Amino acid sequence: MPKLSDIEGVTLAERFELAACLQCGRCTGGCPMSIRSPLNSRKFLYESLIREDGEALLEREEVWDCTSCRTCSSRCPRELDPAMVMRAVRTVKIEGGRIPKTLMDAMESSLKHGNPWGRSRMKRTAWAEGITVNSIEEDAESERLWFVGCTPAYDPRAMGMAKALARIFEVAGVDYTTLGSEEVCCGSEMLRAGEEGLFEELSEVNKENFAELEFAEVVATSPHCMNTFIADYGLDIPVTHYTQLLAALAAEGKLPFGGESEEVKVAFHDPCYLGKQNSIYDAPRNVLKAVPGVELVEFARSRERSLCCEGGGGRMWIEGMGEGERNAQIRVRDAIEMGVDVIATACPFCLLTLEDAVKTTGSEGKIRIFDIAEIVVNSIDGSERSE
Ligand code: SF4
Ligand code: SF4
């Protein structure tokens with residue numbers, strides 16, 4: 001069975017310099033999972049120090065509860081990286097075959113089909129049937145590459161994001177292309193789940209595809225794809241999130257919003273990989289402020305203090321979320337108490353976890369969940385947004 005000390009031939013404590021830990025608990029205090037899960041990063045790091053070589057940590061199942069939000073790492077006064085410690089433990093557990101079955105299935109699907117959802121490679125562009133979507137099959141030369149992402153391409157609800165963006169790009173005259181059926185999973189969630197080898201394989205395919213094309217930037221639907229292109233791919237071209245592109249288009253007056261519309265009170269839920277991890281807070285808000293009829297309000301916990309939806313770190317494919325109220329359910333409850341009509345977000349995982357929370361809290365009819373791209377397209381084309 002692989003050991004933690006097999007990585008780089010040193011103990012976990014040595015590798016991550018954990019002797020510098022003050023045991024102040026700031027990491028655990030900010031962890032979105034520590035209330036409901038045994039996951040306690042401070043204790044976890046302490047145990048890696050007091051046990052001879054920290055190997056006992058491999059027996060701990062709560063590492064799978066980590067959402068990889070990185071709140072712990074961003075709060076540490078000693079600049080330690082508890083999130084990376086969790087990932088390192090996951091990696092060794094995976095090497096020893098100790099991995100949740102549902103996550104293993106998602107990894108096998110990513111390797112075999114290029115997506116974690118168990119869907120056929122051939123169906124990757126099915127979402128685009130009947131609408132105008134540029135693709136390298138017809139047009140390889142474009143100013144930017146739009147990386148659609150697996151969840152917007154395959155999930156019936158998240159597909160609304162992809163369809164909305166295609167429509168916005170069409171009406172705003174955006175010069176873009178997509179990889180069409182050549183696109184494969186970016187590998188972000190596999191890496192965060194600890195499967196570094198699979199990430200390497202997936203990222204190599206995408207990097208080769210990128211290298212064959214000429215474009216000035218990559219724009220991603222998902223903050224998770226965007227983040228891994230920035231943090232892990234080492235690309236030498238700019239990578240942006242679609243909300244940044246829409247904010248620029250709105251500022252230039254290139255989004256043909258509809259006229260007067262009914263006032264809708266909207267609260268924006270900051271996705272961790274957009275906000276906390278990449279400091280993109282204003283672009284999504286600027287897009288929402290530009291939409292006629294939208295009254296933007298803020299959650300008490302927003303921006304840097306935003307509540308993680310629990311969908312990151314491979315958790316979309318891990319069953320069981322611990323005891324008690326989930327963060328997405330808290331979000332929905334908070335929004336209803338604030339008298340909000342719509343929670344807007346800008347990430348396919350947030351969209352799905354929040355939609356699920358509306359159902360599990362019996363809140364249908366009290367609140368609605370939309371992606372920002374859907375809100376924009378609904379204003380452009382007229383819609384059910386305010387119904
Ligand atoms: S915040 Fe940093 S120093 Fe404080 S307990 Fe956590 S890892 Fe240790
Ligand atoms: S990355 Fe997020 S979920 Fe994981 S231990 Fe740190 S704060 Fe908790």
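I started with strand β1, residues 144-147, in this predicted model. It pairs with β2 in the parallel sense, over 2 bridges. I looked for a facing pair and found Leu-145 opposite Thr-177 in β2.

Next I traced the sheet they belong to. It is open, has 4 strands and runs in the order β2-β1-β3-β4, with parallel pairing. I noted the edges: β2 (176-177) and β4 (239-241) each pair on one side only. Then I checked what packs on this sheet. Helix α11, residues 223-233, does so, touching β1, β3 (217-220) and β4. I read its direction against that of β4 and got about 160 degrees.

I turned to ligand 1. I counted 16 residues around it. The closest are Cys-21, Cys-24, Arg-26, Cys-27 and Cys-76. I sorted the shell by residue class: 9 nonpolar, 3 polar and 4 charged. Which elements supply at least two residues each? I found α2 (26-30) and α3 (41-50). Of the elements, α3 gives the most, with 3 residues.

Last, I took the whole chain. I logged 16 helices and 8 strands. The radius of gyration is 21 Å, close to the 21 Å from the globule rule for 387 residues, so I put the protein down as being as compact as a globular protein of that length. The C-alpha trace spans about 65 × 50 × 35 Å along its principal axes. I also looked up burial: 50% of the 387 residues count as buried. For contacts between residues at least 6 apart in sequence, I recorded that 77% join residues at least 24 apart.

How values were computed. Residues are numbered from 1 along each chain as its sequence is written. Chains are lettered from A and ligands numbered from 1 in the order in which they are written. This is a predicted model: local features need pLDDT of at least 70, side-chain atom pairs count only at pLDDT 80 or more; totals for chains, interfaces and linings use all residues. A residue is near a molecule or strand if its C-beta atom, placed from the backbone, lies within 6 Å of it. Ala, Val, Leu, Ile, Met, Phe, Trp, Tyr, Cys and Pro count as nonpolar, Asp, Glu, Lys and Arg as charged, and the others, Gly among them, as polar. Two strands pair if DSSP finds at least two bridges between them. Two residues are in contact if their C-beta atoms, placed from the backbone, lie within 7 Å. Axes are lines fitted to C-alpha atoms, for helices over the stretch in contact, and angles run from 0 to 180 degrees between N-to-C directions. The radius of gyration is taken over C-alpha atoms; the globule rule is 2.2 Å times the number of residues to the power 0.38. A residue is buried if 20 or more other C-beta atoms lie within 10 Å of its own, exposed if 12 or fewer, and partly exposed in between; C-beta atoms are placed from the backbone.
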